Structures are given as C-alpha cells and as structure tokens.
Amino acid sequence: MTLIKFGAALALAGALAACDGTQVDQSIDRGLDSKDLSQLKGGIWIDPNGCDHWRIDDGIEGYQGVRLDRDGKPVCSGAGAPNTVVGPYHSGSPVADPM
C-alpha cells in the first residue's frame with residue numbers, strides 16, 4: 001500500500017510541477033520555420049457527414065478546426081466529396097511532411 005501512495009504522490013507532484021502559471025502564445029509556430037500561424041494557408045477537409053473543417057499542414061505539425069458560420073453552426077458547403085481535402089493546405093511550409 002505504501003508503494004501505491006508513493007506513486008500517487010509522485011504523479012501529483014509531477015502534475016503540479018507542469019503548472020507553472022505562464023501563458024504560452026499559441027498563435028505562433030515554434031517549429032523549425034517559426035512564424036505567426038496567420039501566414040499559413042489552409043484547406044478544407046470534408047468530414048463523412050459532409051461538413052467542413054479548416055486544415056493546415058505545417059510539415060511536422062498540423063492544425064484543424066471545425067468551420068462555423070456566424071451563428072456557431074457547422075458549415076456543410078459541399079466543396080468536395082466526404083473524406084477529402086480541398087485547397088492548398090500543404091503550402092504553408094517548406095518543411096517536408098515525414099508522414
């Protein structure tokens with residue numbers, strides 16, 4: 001039982017150490033070709049239901065989010081077939097994608 005308590009205390013200490021209170025600016029890419037994320041070019045991935053998701057591939061990193069209208073409802077534009085990507089989502093970075 002002591003070993004379990006020690007493991008739990010160690011896990012709790014590790015989790016608290018990760019919370020140093022600093023805020024990280026998530027609008028900047030900190031990879032090899034660091035730049036503001038607004039410089040990346042996005043495409044649209046169409047999910048199996050036909051709704052759109054913004055997609056950006058920055059070489060090793062990738063970003064994706066649901067495309068919403070002004071009222072917060074999903075956009076289902078019919079821009080392509082389900083499970084396809086339309087647009088220049090690979091053109092935001094000179095870093096080759098290892099996948």
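Okay, a definition before anything else: I call a residue buried under 20% relative accessible area, exposed over 50%, and partly exposed in between, with a 1.4 Å probe and protein chains only as the basis. By that scale Arg67 is partly exposed, with a relative accessible area of 23%. We'll come back to Arg67 in a minute.

Some housekeeping. This is a predicted model, where local features need pLDDT of at least 70 and side-chain atom pairs count only at pLDDT 80 or more, while totals for chains, interfaces and linings use all residues. Residues are numbered from 1 along each chain as its sequence is written, and side-chain values use heavy atoms, with hydrogens and water left out.

So, the overall layout. The protein chain has one helix and six strands, and from the N terminus on the order is α-β-β-β-β-β-β. Helices (H or I, at least four residues) and strands (E, at least two) are DSSP runs, numbered from the N terminus. Of the 99 residues, 19% count as buried. On contacts, meaning heavy atoms within 4.5 Å: among those with a separation of 6 or more, residues 24 or more positions apart account for 50%. The chain exposes about 7,300 Å², and carbon and sulfur atoms supply 61% of that. Those areas come from the Shrake-Rupley method with a 1.4 Å probe; for residues, only the protein chains shown count as cover.

In what order do the four strands of the open sheet come? They go 5-4-3-6, with antiparallel pairing. Strand 5 and strand 6 are the edges, each pairing on one side only. Direction ignored, neighbouring strands in this sheet are turned by 30° against each other on average. The axes behind that angle are lines fitted to C-alpha atoms, for helices over the stretch in contact, and angles run from 0 to 180 degrees between N-to-C directions.

Let's walk across it. Two strands pair if DSSP finds at least two bridges between them. Strand 4 and strand 5 are antiparallel over six bridges, and there Ile56 sits opposite Tyr63 in strand 5. Strand 3, residues 43–46, pairs with strand 4 over four bridges, again antiparallel. Then three bridges join strand 3 to strand 6, also antiparallel.

Have a look at Trp45. Trp45 stands opposite His53 in strand 4, and Trp45 also stands opposite Val85 in strand 6.

Follow that over to His53, in strand 4. Is His53 buried or exposed? His53 counts as buried, at 12% relative accessibility. Neighbours within four places in sequence aside, His53 is in contact with Gly43, Ile44, Trp45, Asp47, Gln64, Gly65, Val66 and Arg67.

Next, the turn between strand 3 and strand 4. That hairpin has five residues between the strands, and Gly50 in it takes a positive phi near 90°. Cys51 is in the loop between strand 3 and strand 4, and Cys51 is buried at 15% relative accessible area. Not counting residues up to four places away in sequence, Cys51 touches Trp45, Ile46, Pro74, Val75 and Cys76. The C-alpha atoms of Cys51 and Ala79, 28 residues apart along the chain, are separated by 9.2 Å.

Back to Arg67, as promised. The structure holds one salt bridge, and by that I mean a side-chain nitrogen of Lys or Arg within 4 Å of a carboxyl oxygen of Asp or Glu. The partners are Asp52 and Arg67, at 2.9 Å, N to O. Asp52 lies in strand 4 (residues 52–58) and Arg67 in the loop between strand 5 (61–66) and strand 6 (84–86), so the pair ties together parts that are 15 residues apart in sequence. Asp52, for its part, is buried, with a relative accessible area of 0%.

That loop between strand 5 and strand 6 is also where you find Asn83. Most residues other than glycine have a negative phi. Asn83 is not a glycine, yet has a positive phi of about 65°. Asn83 is exposed, at 51% relative accessible area.

Last stop, the helix. Phe6 lies in helix 1, residues 2–17, and Phe6 is exposed at 54% relative accessible area. Leu3, Phe6 and Leu10 make a nonpolar surface patch of about 380 Å². Patches here are made of residues with over 30% relative accessible area and no salt bridge; like charges are joined within 9 Å, and nonpolar side chains (Val, Leu, Ile, Met, Phe, Trp, Tyr) within 5 Å.

That's my tour, thanks.
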